Amino acid sequence: MNALHLGDIWTFSEGLAAVKQNDMWGFINREGRFAIQPRFHDVFGFTEGLAVVEIDKKYGYIDKNGNTVIAPKYDWAMPFGEGVASVLLGSSTIIIDKQGNSLFTMADENAEVNIFSDGLAVVDTDLKEGYINHEGKIVITPQFDYAAPFVDGIAVVNIGEKWGFINTEGEYILPLQFDQAESFSEGVAPVCQDGQWRFIDCHGETVATLGNQYTTVFSLSEGRAIVEKAGKYGAVDKAGNLIIDTRFDHLMNFSEGLAYARMGNTQGFITPTGTFDIQRPIPKRTLLDRLLGRKKFLEW
């Protein structure tokens with residue numbers, strides 16, 4: 001799955017993208033210039049006007065001017081969704097509002113809570129995932145090996161080696177039958193059976209056939225789905241047509257008209273036609289970089 005995580009160049013979100021320079025993270029604007037100078041050890045992108053930042057192993061939130069809104073005091077923090085966010089303080093998982101007020105504490109200290117969407121958030125308890133509501137009540141019992149956030153009332157889930165889709169009541173709308181699957185977006189979801197990729201609608205009907213030429217097909221974003229072929233990345237449209245050749249070493253989802261891409265010694269953000277709009281050379285690796293395993297393409 002194309003899961004949310006730290007430690008990577010980010011897509012644009014709310015006009016800013018997180019990038020790393022000299023081992024510190026900041027945010028650039030659409031012109032490629034720093035709007036928030038690199039001073040954080042790690043970050044999440046902006047959601048609902050706030051971004052998670054980490055300073056000296058403590059997490060808090062800043063606004064788009066770089067001002068601290070919630071001081072870094074948590075041991076972990078997730079982005080805001082639907083006005084609330086999950087944070088970890090000591091052994092307690094707490095749901096907070098945008099003022100940093102605690103709304104409730106999860107009864108299960110081992111519970112990990114993801115981002116809220118469609119009124120629910122993925123909760124991980126004892127290595128199984130389910131969903132809680134805004135009151136912290138488990139409404140879909142943890143039973144999945146993987147569960148994705150809901151998108152338009154549908155979530156992709158996994159048990160064992162099979163994938164399916166459920167609604168917000170926890171009912172399967174498409175059973176566990178796929179070998180690989182990604183979330184629904186723009187009315188379709190990519191699924192794979194017996195090595196054959198296709199886009200399906202919420203009834204399981206095929207919208208477009210992509211065949212066996214791709215190793216991975218990600219969810220649509222702004223009319224384009226990232227695809228991987230022989231370790232290179234490109235993009236297809238909703239009809240399955242290849243509209244950006246698989247020539248990139250790395251390519252992230254499009255957001256706000258741009259997608260982070262890396263090709264050879266160049267990195268930056270490309271337009272929907274596949275041309276670089278913002279680009280910079282990847283810094284050369286020093287001997288110390290090689291010894292420490294540093295990836296210089298993460299440096300802006």
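1. Arg280 is partly exposed, with a relative accessible area of 33%. Here buried means under 20% relative accessible area, exposed means over 50%, and partly exposed lies in between, with a 1.4 Å probe and protein chains only. The model is a predicted one: local features need pLDDT of at least 70, side-chain atom pairs count only at pLDDT 80 or more, and totals for chains, interfaces and linings use all residues. Residues are numbered from 1 along each chain as its sequence is written, and side-chain values use heavy atoms, with hydrogens and water left out.

2. Arg280 belongs to strand S31, residues 276-281. Strands (E, at least two residues) and helices (H or I, at least four) are DSSP runs, numbered from the N terminus. Leaving aside neighbours within four places in sequence, Arg280 is in contact (heavy atoms within 4.5 Å) with Gln21, Asn265, Thr266, Gln267 and Trp300. Between Arg280 and Gly268 the C-alpha to C-alpha distance is 6.0 Å, at a sequence separation of 12 residues.

3. For 300 residues, a compact globule would have a radius of gyration near 19 Å, and the 20 Å of the protein chain agrees with that. This radius is taken over C-alpha atoms, and the globule rule is 2.2 Å times the number of residues to the power 0.38. Along its principal axes, the C-alpha trace spans about 50 × 50 × 35 Å.

4. Of the 300 residues, 50% count as buried. The accessible surface of the protein chain is about 13,700 Å², and carbon and sulfur atoms hold 48% of this; the areas come from the Shrake-Rupley method with a 1.4 Å probe, and for residues only the protein chains shown count as cover. Among contacts in the protein chain with a separation of 6 or more, 31% are between residues 24 or more positions apart.

5. Two strands pair if DSSP finds at least two bridges between them.

6. S1 and S2 are joined by five bridges in the antiparallel sense, and Ala17 stands opposite Ile28 in S2. The two strands form a hairpin with two residues between them, and Asn22 in the turn has a positive phi of about 55°.

7. Strand S2 (residues 24-28) also pairs with S3, antiparallel, over three bridges. Phe27 faces Ile36 in S3 across this pairing. The hairpin of S2 and S3 has five residues between the strands, and Gly32 takes a positive phi near 85°. Four of the five residues of S2 are buried, so S2 is largely enclosed by the rest of the structure.

8. On the cysteines: there are zero disulfides in the structure, a disulfide being a pair of cysteine sulfur atoms within 2.5 Å. Cys192 is buried, at a relative accessible area of 3%. Cys202 is partly exposed, at 35%.
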